[in-house]
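Trainee: I have a new model on my screen and would like to learn how to read it. Could you take me through it step by step?

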Amino acid sequence: MANTDAARGLQIAGPLLSCRMYKMSAAYAQALYIGDPMALDASGNAIIATAGTGNVIQGVALGFFTSEFVPLATVYHPSATAGSNFVLLADDPRQLFVCQEDSTGNNLALTDIAGNLNLASGTGSTVNGMSGWEIDSSDLGDATAGDQVRLINILRSPDNAIGTNCKWIIRINDVQGAAGIVGVGI
């Protein structure tokens with residue numbers, strides 16, 4: 001059976017280890033979705049991460065708020081949202097996530113586990129609020145400490161198999177404020 005092509009960004013795998021509320025600039029006009037990787041700008045405001053080596057990730061968006069206690073009325077953060085807003089990020093560097101590979105160029109294999117890769121940005125859904133980010137499966141093999149994520153394992157599920165659109169367990173490797181690792185490690 002073929003894997004379903006359903007990019008949903010980075011979704012929590014296992015228990016949520018920690019999360020914190022981060023402020024966004026009142027002038028920030030970017031559509032954001034649950035599962036989007038996020039970084040912090042020079043002022044400490046949360047912004048969408050940029051795909052690619054050397055682009056750090058602070059955490060992954062879990063929800064959006066108009067104040068520290070009031071959720072937005074939509075399931076995502078529309079680009080036209082005015083005023084200071086907040087995002088709840090899963091920000092523990094040990095947190096595991098499930099993410100689909102984009103299968104562009106090639107597919108990942110079990111022998112790729114413990115390798116580092118980058119993410120590929122994608123457009124989220126305004127219907128369900130889910131991110132469109134995926135693992136950039138053509139990026140594996142350069143063993144760069146600055147790559148964004150580390151491949152931990154395949155998602156063990158009856159509806160998931162090695163091949164196109166496979167879902168993988170990953171961990172953020174290039175965490176903002178901490179150095180990434182290379183080779184087989186923790």
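Trainee: Is strand 6 (residues 85-90) enclosed or open, and why?

Mentor: Start with burial: buried means under 20% relative accessible area, exposed means over 50%, and partly exposed lies in between, with a 1.4 Å probe and protein chains only. Six of the six residues of strand 6 are buried, so this strand is largely enclosed by the rest of the structure. A strand here is a DSSP run of E of at least two residues, numbered from the N terminus. Bear in mind that this is a predicted model, in which local features need pLDDT of at least 70 and side-chain atom pairs count only at pLDDT 80 or more, while totals for chains, interfaces and linings use all residues. Residues are numbered from 1 along each chain as its sequence is written, and side-chain values use heavy atoms, leaving out hydrogens and water.

Trainee: Which strands pair with strand 6?

Mentor: Strands of a sheet pair through backbone hydrogen bonds, either parallel or antiparallel. For a pairing to count, DSSP must find at least two bridges between the two strands. Strand 2 (residues 19-24) pairs with strand 6 in the antiparallel sense over six bridges, and strand 5 (residues 59-65) runs antiparallel to strand 6, joined by five bridges.

Trainee: What is the order of the open sheet of five strands?

Mentor: The order is 1-7-12-11-8, with antiparallel pairing. Strand 1 (11-13) and strand 8 (116-117) are the edge strands, each pairing on one side only. Strand 1 meets strand 7 (residues 96-100) over three antiparallel bridges, where I12 has F97 as its bridge partner.

Trainee: How many helices and strands does the protein have?

Mentor: There are zero helices and 12 strands; a helix would be a DSSP run of H or I of at least four residues.

Trainee: How does the radius of gyration compare with that of a compact globule?

Mentor: The value is taken over C-alpha atoms, and the globule rule is 2.2 Å times the number of residues to the power 0.38. For 186 residues the rule gives near 16 Å, and the protein has 16 Å, which agrees. Of those 186 residues, 48% are buried.
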